[in-house]
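Work through the exercises below with the coordinates open. Each task is followed by a solution in steps.

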Amino acid sequence: MKKWIIHILLFVFVFSACERPSSIVESDALPPIYPDYTNIVIPVNIAPLNFLLRDSVESTEIVIEGKNNSFTMYEDEIVQFSEKKWKRLVTSESGNKITIRITAKSNGKWIRYAPFYWKIVPDKLDPYLSYRLIEPGYEVWNKIQLCERRIETFDECVLADNNLTDGSCMNCHIYGNQDASLSMFHLRGKNGGTILNRDGKLRKINTKAEGQISPAIYGNFHPSGKYAVFSTNTIIPEFHSLKNERLEVYDTESDIIIIDLESNKVFSSPLLSGKANLETFPVFSTDGAKLYFCTAPAVPLPDSVRSLKYNLCSIDFHASNGSFGTQIDTLFNGIEQNKSVCHPKTSPDGHFLLYTVADYGTFPIWHQETDLQMIDLRTGNIDSLTIVNSDRSDSYHSWSSNSRWFVFASKRDDGLYGKPYFCYVDKNGEVHKPFVLPQRNPTKYDNFLKSFNIPELSKGPVPFNAVDIEKIRKEQIAETVSNR
């Protein structure tokens, strides 16, 4: 039977039911939709916000009311928008607020729920999102893919697959200036190295110079693209006996280095290395004149792991000659606040610094108390981002190139699986309720048994794929680096 006939019959059924107002229960509650797409701000270029209704819903009427575009849909418990109709809706209603009214039949009764809205803003998200798909416990690290999703559609491609690299671990795919023509990730194990992409030309670099603790770990590009900054760490993973924390990862030593990607020379500063402190998670300011990083006094580990508190600090950096300032400034004192900071990220407009706070430690994605905070670098004011955070781990974040959006990984649904959530920051710096990356079939998150790890936004698609990575691993000898 043609779909339009089915819709007509469903309309007749719904209409006949709605002719009897006494048979409809009016509810003040929002509809039980998943994902929670109620009362949110969305970009004009997002894929359809398909959703499902919980509570044994059998039939659903969805009324979409906009200023320029309105229509009614009749579905079952799964609501999926036509991509063409969705694009017409968001394009015609850009800058407007649309209202969604849902009436649903559940357990033989019709319920009319409270309406909710979508505010569609013309500020676009960067159209591509990369992430690492991995089992949430990290015990099985030889089944990993780096993927890229187009957020305007549901298209996804694989950038690297460790089924093609003899099960090698791979991590930390990051961009320079949200630009897919400059990116890198680490491919571990035999024939591995840091894979550097410049305009589609791939290099494989052994980033461990003489005297270094380890090869490069957590990293970031200088805005010029000439330098990359990294931590080098001795990382210890241990499993908790506590049910809610599961996995603890900490550093027994860590320093910060910079690699000149043109000369393959490595350099650092005594203020960023040594045994007394643990320095990690470095990131450049938007103008490249400062280096932000996290640092903690070394404590006996693992016995004193709950005393491990990282501060958020900065030091001047002079790109012209690759030198550092002579003092460290503290932006957030974790010891005084009884908190620990990690993963700082600067907004491209230079106005904000987004970071993660937890009660202790350096790798808090299994800490339920882990939240995001944001410093306004112009005023020093700190936003606790109450509307953004949940009662589960919220971490791993990156900015869109226009500084109006950021994405982060949240375990808010079930405490196990991290999913990418988008959050709007308006021109006044006000932050709005986040929403999860939409899927073609909204049941995917119920059935998909992997975490979306380290989500990163970019302005375009990367110019390589999994076959290219397989080839460079097999055929290219890793370049070496040396101390300056």
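The model is predicted, so local features need pLDDT of at least 70 and side-chain atom pairs count only at pLDDT 80 or more, while totals for chains, interfaces and linings use all residues. Residues are numbered from 1 along each chain as its sequence is written, and side-chain values use heavy atoms, with hydrogens and water left out.

**Exercise 1.** Find which residues of helix α2 (residues 83-92) are buried.

Solution. Step 1: take helices as DSSP runs of H or I of at least four residues, and strands as runs of E of at least two, numbered from the N terminus. Step 2: apply the accessibility classes, with buried under 20% relative accessible area, exposed over 50% and partly exposed in between (1.4 Å probe, protein chains only). Trp86, Leu89 and Val90 come out as buried. Step 3: take the arc of the directions from the helix axis to the C-beta atoms. The buried residues of α2 fall within an arc of 90 degrees, so they line one face of the helix. Lys84, Lys87 and Arg88, on the other side of α2, are exposed. Step 4: list the packing partners, with contact meaning heavy atoms within 4.5 Å. The buried residues of α2 pack against β3 (40-43), β5 (57-65), β6 (70-75), β8 (97-106) and β10 (116-121).

**Exercise 2.** Repeat the analysis for helix α5 (residues 466-475).

Solution. Step 1: the buried residues of α5 are Ala466, Ile469, Ile472 and Arg473. Their arc around the axis is only 125 degrees, which puts them on the same side of α5. Step 2: Val467, Lys474 and Glu475 are exposed on the other side. Step 3: the strands packed against the buried residues of α5 are β13 (156-161), β15 (179-187), β16 (193-198) and β17 (201-206). Step 4: at the N-terminal end, asparagine 465 caps α5, with a side-chain oxygen 3.0 Å from the backbone nitrogen of valine 467.

**Exercise 3.** Is arginine 473 buried or exposed?

Solution. Step 1: arginine 473 counts as buried because its relative accessibility is 4%. Step 2: its side chain reaches the backbone oxygen of lysine 190 at 3.2 Å. Step 3: leaving aside neighbours within four places in sequence, arginine 473 has contacts that include Thr165, Asp166, Leu187 and Lys204.

**Exercise 4.** Which residues touch the most other members of the largest nonpolar core?

Solution. Step 2: in the largest core, of 61 residues, the answer is Ile102, Trp118, Phe406 and Phe422. Step 3: apart from this core lies another of 29 residues, among them Val305 and Trp366.

Key:
Polar contact = N/O pair within 3.5 Å; in protein donor to acceptor, adjacent residues only side chain to side chain. Core = buried A, V, L, I, M, F, W, Y, C linked by side-chain atoms within 4.5 Å.
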